[in-house]
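User: Could you show me how to read the main features of this model? I'd like the general idea and then the case at hand.

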Amino acid sequence: MRQESFWSACEAITGPATVELEWKQLAGEHYEAAKAFLRPMQELATRYPCMRSYTCGCDHRVVIYSDDDIVAACTCNPRACDTFRLTKSDIIIYELDRPALYRAMAKTLPLDIQVTDIPHLRWTDQIGFYTPQKGFRLPVFLTIQTEPDNFRNTVLDLLARNRESFILMAPTHDLCETDSKELLNNRQTVFLALSDIFRIDESGVFVVDEAYAAVMEALICQSADVQKPDEAQPVCRIPKSVFDQEENYRIIWLHGKKLEALGKKQAEVVRILHDAAKRGRPEMTFASIAVKMTDSPTRMSDVFRYNDSRSVLVKHVKADIYRLNV
Ligand SMILES: [Zn+2]
Ligand SMILES: [Zn+2]
């Protein structure tokens with residue numbers, strides 16, 4: 001099922017942050033799935049959408065007399081509808097939970113999450129780096145704007161700050177007008193919409209659309225022109241005499257020594273670190289390993305206990321950094 005409305009909602013709401021009712025109205029049938037990407041903020045709303053079926057046109061003003069005496073008054077002149085009552089939970093503001101969104105992407109995409117706030121650039125984050133098998137590394141940005149002009153200014157700003165290719169994401173294609181597209185294309189920069197990247201699966205959860213992820217990888221390789229032989233870093237080949245695996249990483253050969261019966265999580269960790277080693281960037285933080293796993297552990301020692309002979313597969317480089325021991 002392709003969804004548009006949650007992502008359109010993100011571009012209709014400043015922040016994006018608003019009360020539950022407005023998220024429900026704008027995200028429509030995708031609201032249930034979208035809840036995983038929303039989190040409550042500390043502040044309470046001072047405005048509330050009109051709840052009549054034919055709205056008066058104003059955002060009602062919230063007046064808090066006490067915790068259990070809260071009302072929303074029409075601010076139209078002359079007044080067009082009646083004041084209605086609200087509860088405290090009605091006026092809680094929910095914002096897009098960006099970290100949850102990034103984690104959901106990193107489960108499937110080769111995304112190394114290193115969130116950085118960009119000074120003086122509103123509603124824009126550097127999420128981290130896109131690091132596919134091809135052996136390159138592109139910065140990834142997410143901007144959430146509500147107007148095409150602000151979107152264009154963000155594009156200009158990012159192009160000025162980044163001399164190399166990068167990936168720019170936004171909730172939908174709607175604000176990326178022709179001139180913004182040209183600006184991005186001229187610099188071999190890739191624009192992606194979250195509405196293409198995510199789909200809602202059978203259990204009602206937003207997941208990365210694997211079919212689109214493959215299209216995306218091809219698009220990124222082509223547009224960012226990273227396959228020039230003199231620029232692309234070769235995929236790092238690890239000789240089979242050093243490392244080999246069977247049965248989906250349940251059996252590993254390390255320097256000719258056989259390690260058997262790896263647990264599900266152990267096999268996952270080894271596969272993730274092997275992929276990273278093949279990409280020529282073998283070192284990974286524990287968090288970026290955990291996020292790619294089906295069921296994230298809290299620490300490496302939960303996966304490889306210190307007295308487990310199979311723990312020789314993973315090398316603890318320093319602090320929170322691990323690599324495959326090859
Ligand atoms: Zn009203
Ligand atoms: Zn009104």
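**Reading the sheet, a helix and the cores**

Analyst: Gladly! Let's begin with a sheet: β15, β16 and β17 form an open sheet of three strands in the order β15-β16-β17, with antiparallel pairing. Its edge strands are β15 (243–246) and β17 (257–259), each with a single partner strand, so one side of each has no neighbour in the sheet. From one strand to the next, the twist averages 20°, with axes fitted as lines to C-alpha atoms and angles running from 0 to 180 degrees between N-to-C directions. This is a predicted model, where local features need pLDDT of at least 70 and side-chain atom pairs count only at pLDDT 80 or more, while totals for chains, interfaces and linings use all residues. Residues are numbered from 1 along each chain as its sequence is written, and chains are lettered from A and ligands numbered from 1 in the order in which they are written.

User: How many bridges join β15 to strand β16?

Analyst: Strands of a sheet pair through backbone hydrogen bonds, either parallel or antiparallel. Here, four bridges join β15 to β16 (residues 251–254); two strands count as paired if DSSP finds at least two bridges between them. For example, Q245 has I252 as its bridge partner in β16. Strands (E, at least two residues) and helices (H or I, at least four) are DSSP runs, numbered from the N terminus.

User: What span should helix α9 have?

Analyst: The expected span is 1.5 Å times one less than the number of residues. For the 15 residues of α9 (residues 264–278) that gives 21 Å, and the end C-alpha atoms are 21 Å apart, which agrees. Just after α9, G280 takes a positive phi of about 80°.

User: Which residues of α9 are buried?

Analyst: Buried means that 20 or more other C-beta atoms, placed from the backbone, lie within 10 Å of a residue's own. In α9, the buried residues include V269, V270, I272 and L273. The buried residues of α9 pack against elements including β16, α10 (286–290) and β19 (314–318).

User: Which residues touch the most other members of the largest nonpolar core?

Analyst: In soluble globular proteins, nonpolar side chains tend to be buried together. A nonpolar core is a set of buried Ala, Val, Leu, Ile, Met, Phe, Trp, Tyr and Cys residues joined through C-beta atoms within 7 Å. The largest has 54 residues, and M105, F141, I167, L168 and M169 touch the most other members. Helix α4 (residues 98–106) gives the most to this core, five residues. A second, separate core of 17 residues includes I252, A276, A277 and I289.

Key. A residue is buried if 20 or more other C-beta atoms lie within 10 Å of its own, exposed if 12 or fewer, and partly exposed in between; C-beta atoms are placed from the backbone. Two residues are in contact if their C-beta atoms, placed from the backbone, lie within 7 Å.
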